[in-house]
Amino acid sequence: MKGTRWLGWLALMLTAVAVWPAAAQSPIRIGDINTYSGIGAPFTGPYRAAVEMAVDEINGKGGILGRKVEVIFRDDKGQPAEAVKHAQELVASEKVALITGTFLSNVGLAVSDWAKQNSTLFVAAEPLTEAITWSKGHDHVFRVRPNTYEQGRMLADKAGKMKHVKWATIGPNYEYGKRAWETFRDRLKELKPEVQVVGEHWPALGKLEPGPFVTAILNQDPDALYVSLFGSDWLGFVREAQKRGLFQKMFVVGILLGEPEYIDPLKTEAPEGMLVTGYPWYDIQAPAHKDFVARFTKRTDKNPVLGSLVGYVTYLSIFDAVRKAGTTDTEKLVAAFRGLKVETPIGPITFRASDGQSTMGAWVGTTKVDAKRGVGIMVNHEYIAGESVLPSDEQVRKLRTGG
Amino acid sequence: MTPALILIQLLSGLAHAMVLFLIASGLSLIFGVTRVVNFAHGSFYMLAAYLTYSLTAALPLGPGAFYVAVILAALAVAVVGLAVEVVLLRRVYRAPELYQLLLTFALVLVIADVVAFVWGTENKTGPSAPGLAGSVAIAGQLFPSYDLVLIALGPIVAAALWWLFYRTRWGILIRAATQDREMVAALGVDQAVLFTSVFALGSFLAGLGGGLQVPRQALTTVMDTTVITEAFVVVVVGGMGSVAGALLAAILIGVIDAFGVLVLPRASLVLIFVVMAVVLVVRPWGLLGRPELAARSAGGAVGGEGVTAPRTLVLAIVAVLVVVPPFLPTFYVWLLIEVLAFALFAASLHLLMGAGGMVSFGHAAAFGLGAYGAALLMRWAHVPMPLAFVAGPLAAAAGAAVTGFFCVRLTRIYFAMLTLAFAQIVYAIVHQWYDVTGGDNGLLGVWPARWLASPVRYYYVALLACGVGLAALSLIERAPFGLTLRAARDHAARAEACGVHVRLHQWVAFLIAGLFGGLAGTTFAFLKGSVFPNYVSVPMSVEPLVMVLLGGVQTLAGAPLGAAVFKALDTFVTQYTQYWQLVLGTILIVIVVAFPRGILGVMGARRRA
């Protein structure tokens with residue numbers, strides 16, 4: 001017992017040593033807060049790999065403004081308060097030039113609000129809630145990935161041309177699930193007023209016991225089902241739905257479900273014929289993108305997922321903004337981001353001056369099982385740019401002042 | 001609802017119930033005999049699921065591989081459970097019983113990272129059960145044949161357990177130990193063997209549940225925490241230590257879940273907790289449990305007194321806290337505010353669990369109500385910040401007054417689970433009531449008034465609030481009220497006989513703990529500038545529990561010490577490594593084994609020696 005007690009004191013002392021403040025250094029520092037453990041991990045692992053690739057590439061070319069780039073990663077554990085603590089630490093102690101990352105919408109909003117209060121630049125990479133750039137938008141926040149509204153609209157524009165009238169939905173019981181459905185439903189009704197909703201299901205996020213939900217949906221007998229489940233909920237749902245013949249009985253639309261993050265784990269069980277948004281990396285012909293895939297695969301031995309692309313595009317954007325600003329001064333960086341045009345592997349995107357939303361789009365297509373690779377893929381897909389679904393500057397102004 | 005739908009929904013609910021039963025029966029068994037609140041039970045379940053996944057792929061047995069893998073994985077997990085009991089838990093049985101809880105909490109962290117490290121963090125879909133991958137038509141609908149087999153398997157396992165408990169000598173000893181383990185020990189039964197075997201069997205059942213779940217559910221690194229709360233609910237609703245109760249409760253919960261989907265689709269988060277609260281209020285020992293015997297050894301939950309911090313030391317710390325912060329880097333000021341808030345949060349819990357002997361698993365309710373109380377007043381009534389700062393804790397106290405009224409009628413683990421149920425109900429309300437609370441997007445812009453907004457100024461606000469709170473708690477614990485509370489903790493019947501109104505005292509303590517827990521929440525909310533439902537979540541209830549135990553449950557000073565150590569560890573380990581759970585968990589294990597009564601508890605023992 002004596003020996004172990006010494007270990008205990010040692011552990012306490014090491015903590016005390018670790019607490020000592022670290023000194024500031026000269027490279028351009030970027031603080032990256034993300035849900036690297038738990039529910040966000042399947043997405044953020046590949047995200048981080050692509051970020052490290054982007055940083056190595058820029059440093060290989062001598063950095064920006066003659067300075068190396070250094071990223072400090074912090075795990076928010078899926079908790080907004082934890083993310084805010086990291087933001088405080090990154091800005092105050094590590095002297096980062098800006099904060100980026102975040103996966104969950106509420107974490108993104110918490111960091112965004114902190115950034116607003118403390119006049120720090122925050123480039124939200126992944127959170128999907130519209131509120132970040134609209135109702136809770138402010139001068140110091142920008143967002144890369146197409147939001148819930150955009151993706152819901154892309155799907156509705158396609159689904160509105162189809163014959164299905166009776167719709168049901170299932171999604172996680174939180175803001176993302178609700179908004180993903182509402183934007184889709186509203187647009188669908190606009191295009192096709194006879195649409196009726198026969199059932200809405202909201203299981204708790206990450207705790208779906210799929211059987212009862214599948215039966216309930218089957219008994220409402222809709223023509224089509226809109227799904228905003230993801231992660232383990234979606235995987236469990238698919239298996240149960242396959243066994244109970246759901247996919248034979250109705251047309252299914254799934255937001256995000258063509259992303260490799262969510263379709264790859266299903267292997268050959270991926271349901272065919274679903275209308276989805278996603279990322280068909282295997283099919284994108286642009287040379288810059290093929291090159292991106294080759295480099296990522298060489299580096300990690302894995303294929304890219306959407307998280308990888310988002311991470312890469314986010315950091316390219318940050319690099320360009322720093323270059324354009326010629327400094328890491330926050331206000332000048334903010335000015336540089338307004339209307340910033342970035343050449344990415346999937347073509348040019350722009351950070352809109354009105355709301356800070358990037359015009360990065362998404363692919364809409366139909367799922368099919370690729371027997372050769374043994375996973376689900378998207379076919380007949382089409383890239384829909386953000387510009388074509390984003391509201392006008394005038395509407396955005398209303399959204400930003402109304403909320 | 002057609003009869004066919006009712007039948008299918010019933011079957012779906014039963015299939016879910018059987019997996020729940022396997023996990024919960026193991027938990028109940030461990031709990032009943034060893035009194036260990038085994039948070040790591042869910043981790044064993046997860047571990048077995050991943051092992052089944054890998055073994056199925058690795059075993060060259062063709063279609064039979066899956067079934068062999070399930071058994072092997074469950075056995076492997078049983079061995080892990082056995083090792084955990086022998087190597088770790090056994091060292092702390094002499095400590096106040098809650099320290100085993102701290103140890104199992106550390107194990108949850110360690111196992112989570114080990115799984116993430118070995119299998120990766122991407123979600124996995126396991127193999128289907130060979131031969132049972134299809135469905136059969138029942139009442140015109142397809143139903144998975146695997147689920148039918150599960151439904152049949154549940155009663156078979158229950159029968160096997162029944163045989164074990166009622167037809168073997170070992171079973172008789174287990175039942176005896178569940179009822180009165182001190183008497184069993186006095187009769188000369190080797191407790192060590194009994195405990196170890198129970199732990200192995202319980203872990204085996206968790207592993208069986210995990211392995212059998214593989215064809216039904218995706219494998220994720222968070223499946224441990226999602227299952228554990230539900231399993232605890234089943235155990236408590238069924239009655240601690242009762243296998244039949246666990247079966248009944250699992251069926252109840254599974255079926256209610258399945259029909260809740262049809263009847264109350266938006267209440268899915270909270271339904272089982274409402275059921276648990278109702279059951280506990282009506283039947284305080286669960287459906288098939290028995291009233292607990294009063295503990296013979298006084299203060300079994302707390303045990304002995306630790307050191308009280310010397311006055312000079314306290315004054316010195318206060319002086320440092322007042323003088324130093326303006327000279328610290330900004331982040332350290334922010335971190336100190338967080339530590340202060342959690343010191344008060346943990347100390348308010350200490351009043352309940354230390355002085356009162358009432359372990360709460362739902363203290364986050366106070367924290368969250370304090371935070372939301374202040375935030376809602378600012379958001380909807382545009383109350384100025386200083387006023388909101390005062391009103392938040394009052395909201396928490398009001399909430400505690402209501403829930404405390406029901407909770408103090410129960411004791412021990414049933415008390416703990418009822419507090420958990422209320423916290424989950426509060427969680428569901430703030431999570432669902434979008435128009436008012438903002439749902440999971442929370443409420444933003446909860447910043448201190450402009451003249452208090454600089455980190456150092458807000459630090460002094462927090463120091464004042466938390467300092468006053470800690471001082472008040474310290475006074476209360478030493479006042480006649482606190483001493484009476486201790487008397488009630490150590491021997492409720494005797495205190496009652498001396499004319500003490502035990503429940504009234506406990507209720508008042510609950511209210512005070514709510515008030516100061518709320519003050520901690522309010523302080524925290526203005527530090528972060530926003531409030532979110534996870535302020536009321538289960539991990540937020542576990543954190544102060546860990547802090548109190550870490551510092552030493554015997555004395556109030558342990559709470560702020562534990563808070564400071566835990567926050568420092570958590571903050572800096574997370575900064576230095578991706579595998580913070582593994583490192584933090586290991587450090588916690590080392591600390592618990594080295595200081596089995598908490599840091600101050602050990603110092604107290606040393607001083608007396």
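Let's start with A139(B). At 46% relative accessibility, A139(B) counts as partly exposed. Here buried means under 20% relative accessible area, exposed over 50%, and partly exposed in between, with a 1.4 Å probe and protein chains only. A139(B) sits in the loop between β1 (135-138) and β2 (141-144) of chain B. Its phi is positive, about 50°, although A139(B) is not a glycine. Most residues other than glycine have a negative phi.

A word on the model. This is a predicted model, where local features need pLDDT of at least 70 and side-chain atom pairs count only at pLDDT 80 or more, while totals for chains, interfaces and linings use all residues. Residues are numbered from 1 along each chain as its sequence is written, chains are lettered from A and ligands numbered from 1 in the order in which they are written, and side-chain values use heavy atoms, with hydrogens and water left out.

Helices (H or I, at least four residues) and strands (E, at least two) are DSSP runs, numbered from the N terminus.

Chain A has a case of positive phi too. K267(A) is not a glycine, yet its phi is about 50°. Look for K267(A) in the loop between α10 (260-263) and β10 (275-278) of chain A. K267(A) is partly exposed, with a relative accessible area of 38%.

Next, a hairpin. It runs from β11(A) to β12(A) through 2 residues. β11 covers residues 341-344 of chain A, and β12 covers 347-350. The two pair in the antiparallel sense over 4 bridges. Pairing takes at least two DSSP bridges between the strands. E343(A) has P348(A) as its bridge partner in β12(A). Which residues of β11(A) are on the covered face? V342(A) and T344(A) are. K341(A) and E343(A) make up the uncovered face. In a regular strand the side chains alternate between the two faces of the sheet.

Now salt bridges. The cut-off is a side-chain nitrogen of Lys or Arg within 4 Å of a carboxyl oxygen of Asp or Glu. Take E57(A) and R295(A), which meet at 2.5 Å, N to O. E57(A) lies in helix α2 (residues 41-60) and R295(A) in helix α11 (residues 287-300) of chain A, so the pair ties together parts 238 residues apart in sequence. E57(A) is partly exposed at 22%. R295(A) is partly exposed at 28%.

R145(A) and E259(A) form another salt bridge, with the closest N and O atoms 3.3 Å apart. R145(A) is in the loop between β5 (141-143) and α5 (148-159), E259(A) in the loop between β9 (251-258) and α10, 114 residues apart. Are these two buried or exposed? R145(A) is buried at 2%. E259(A) is buried at 2% as well.

On to the aromatics. The structure holds 43 aromatic pairs over all chains. Rings of Phe, Tyr and Trp (its six-membered ring) pair if their centres lie within 6.5 Å; planes under 30 degrees apart are stacked, over 60 edge-to-face, the rest tilted. F342(B) and F367(B) make a tilted pair, 5.6 Å centre to centre, with 40° between the planes. F342(B) lies in helix α12 (residues 330-355) and F367(B) in helix α13 (residues 364-381) of chain B, so the pair ties together parts 25 residues apart in sequence. Both residues are buried.

F342(B) has a charge over its face. That is K567(B), at 4.2 Å from the ring centre. The rule asks for NZ of Lys or CZ of Arg within 6 Å of the ring centre and within 35 degrees of the ring normal. In chain A, R48(A) lies over the face of F73(A), at 4.0 Å.

Last, the surface of chain B. V274(B), V278(B), V281(B), V282(B), V402(B), F405(B) and F406(B) form a nonpolar patch with about 590 Å² of accessible area together. Patch residues have over 30% relative accessible area and no salt bridge; like charges are joined within 9 Å, nonpolar side chains (Val, Leu, Ile, Met, Phe, Trp, Tyr) within 5 Å. Areas come from the Shrake-Rupley method with a 1.4 Å probe; for residues, only the protein chains shown count as cover. Which helix gives the most to the patch? α10(B) does, with 4 residues. V282(B) is in that helix, and is exposed at 64%.
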